[in-house]
Amino acid sequence: MKAILLKLRESFISVLPVAVIVLILAATPLVNFTGMEIGAFIVAAVFLIVGIGLFNLGADLAMTPMGEQVGSGLTKSKKITVLLAVCFLMGVLITIAEPDLTVLAEQVESIMNGTTILIVTVGVGVGLFLLLAVLKIILRKDLSSMLMFFYMTLFALCALLIESGKNDLLAMCFDSGGVTTGPITVPFIMALGVGIATTIGGKNSNENSFGLVALCSVGPILAVTVLSIASSGKMNYEPTIDTVARLLSNGEWGWVILNTCKEVIIALSLIVAFFVVLQLTILKLPRHKIIRIVIGITYTFIGLVVFLSAVKIGFMPIGSKLGMQLADNRVLLVAFGLLFGMVVVLAEPAIHVLNKQVEEVTDGGVTKLQMLIALCLGVGLAIGLSMIRIIYKFSVLYYLIPGYLLSLGLSFFVPKLYTAIAFDSGGVASGPLTSGFILPLAIGACSILAPSRVLELAFGVVALVAMIPLITIQTLGFRAVMAAKARNRIIMKRILSADDEQIINFAWDK
């Protein structure tokens, strides 16, 4: 009970800023919400708090230990082929079951002939790059060089996509990388990396444990870009904009909850089934650990169902309507986009998992508070820039190309650990509330400002959320490196300008 109450307190503090801003807006002439919409949003916010709290507890009890046990158990068996095969399959299965990806796939099913093709393509992309990420740890390869190669390859494919006349699909391709790393995927993948790196050991084991999320974010973008280049036919995109009134008056909310239960059951059953096979064949964990994991999975299931239902019924419709009404005032649209971006990241469940692991692995060198501030500022800037893009109607590549070149360039001047943390943070920052509240906000605004270009302009917001933290966190690392060099120069000047007696006293003081 103490653990549950602690998690609920944390989630209350996380959701409160978003809810307060929406309610303050509702009390002004800027937006016009009905009593039903305000009531539904308040109820959804309460359920969101409960869902995040239970999910975070479940992740601590189940998803993280499962990832660590799979990583360390298979590494200790020294069966590298089995380890790589399991990582590929786990990457595919977890991604196919990821609720964030389902939300995006449902938004674009009209141009993808359903959701299956996109979900399977993204799953294969994650599986292949999770395999490469594990090889990176085993072979101790440099993350920066791998990221440089794959992003250069990606931008070359983007040029082919533009040449084929499919510019509208660019933003959606980049968004597919952001939504992949969601509330189920992140705890498992990060813990898998920690388990493998710790078992292998070495002086850079902490650094090697990061980077899996970073590589698993670029894989889907490459895979969906290739799919888009190979696709044919005409695109007739119609944005999905739902309303609270329709969901509540027609009883649609019941079907939303049932479908969410189905999605989460599929998500967890795929992971659990595969884990059971590994338990019976290789891992053979003691009974008390299995009981703990089962309890954690139960909390995870309840938390995700409550969380996603609240997002779909209360937050997505309100986000769409908010975007449509704020579109009348462009300054307010950018300002509130910036503000929502700064606070919405607090409500992402996976953020807290990442921040905790980062603080532990860096021995407090990067604190949870520092990570949170950097992510809030970065995501706020990303949403603000996205609103500017919708207003002035230009390609997402005007942001992505210089942004990724800057972040990749910084990776050569900061400690490798900061680069790994930064690229992992990019994938984690774009969680379910980004696709469930911020993307509908952008779609709503774009449906007013550029109704014929929603696919091109509204999408891409998730990609920007995933990119901005790469720059902000590495900038923290660069500042730390420069500060350390400045201190060393001051110390050396004091030593060189002192006589022998002063040097002895200086050394004694130090």
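This is a predicted model: local features need pLDDT of at least 70, side-chain atom pairs count only at pLDDT 80 or more; totals for chains, interfaces and linings use all residues.
1. Start with the core. The largest nonpolar core takes in 164 residues. Leu48, Val70, Phe174, Phe315, Leu322 and Phe340 have the most contacts inside it. Helix 2 (residues 35-76) supplies the largest share of this core, at 14 residues.

2. Next, helix 17 (residues 397-410). Helix 17 has 14 residues and spans 19 Å from first C-alpha to last, close to the expected 20 Å. Its buried residues are Leu397, Tyr399, Leu400, Gly403, Tyr404, Ser407, Leu408 and Leu410. Those buried residues pack against helix 6 (143-163), helix 7 (170-180), helix 16 (368-392), helix 18 (416-429) and helix 21 (461-496).

3. The largest pocket holds about 710 Å³ of space. Elements giving two or more residues to its lining are helix 4 (99-107), helix 11 (244-249), helix 12 (252-283), helix 13 (287-326) and helix 19 (432-449). Helix 12 gives the most, with eight residues.

4. What lines that pocket? There are 28 lining residues, and Thr102, Val103, Glu106, Glu263 and Lys312 lie nearest the centre. By type, the lining divides into 13 nonpolar, six polar and nine charged residues.

Definitions and conventions:
Residues are numbered from 1 along each chain as its sequence is written. Side-chain values use heavy atoms; hydrogens and water are left out. A nonpolar core is a set of buried Ala, Val, Leu, Ile, Met, Phe, Trp, Tyr and Cys residues joined through side-chain atoms within 4.5 Å. Buried means under 20% relative accessible area, exposed over 50%, partly exposed in between (1.4 Å probe, protein chains only). Helices (H or I, at least four residues) and strands (E, at least two) are DSSP runs, numbered from the N terminus. The expected span of a helix is 1.5 Å times one less than its number of residues. Contact means heavy atoms within 4.5 Å. On a 1 Å grid over the protein atoms alone, a cavity is a set of points where a 1.4 Å probe fits but cannot get out, and a pocket is an open set with protein on both sides within 12 Å along at least five of seven lines; lining residues have an atom within 4 Å of a point. Grid points are joined across faces, edges and corners, and a volume is the space filled by probe spheres set on the points. Ala, Val, Leu, Ile, Met, Phe, Trp, Tyr, Cys and Pro count as nonpolar, Asp, Glu, Lys and Arg as charged, and the others, Gly among them, as polar.
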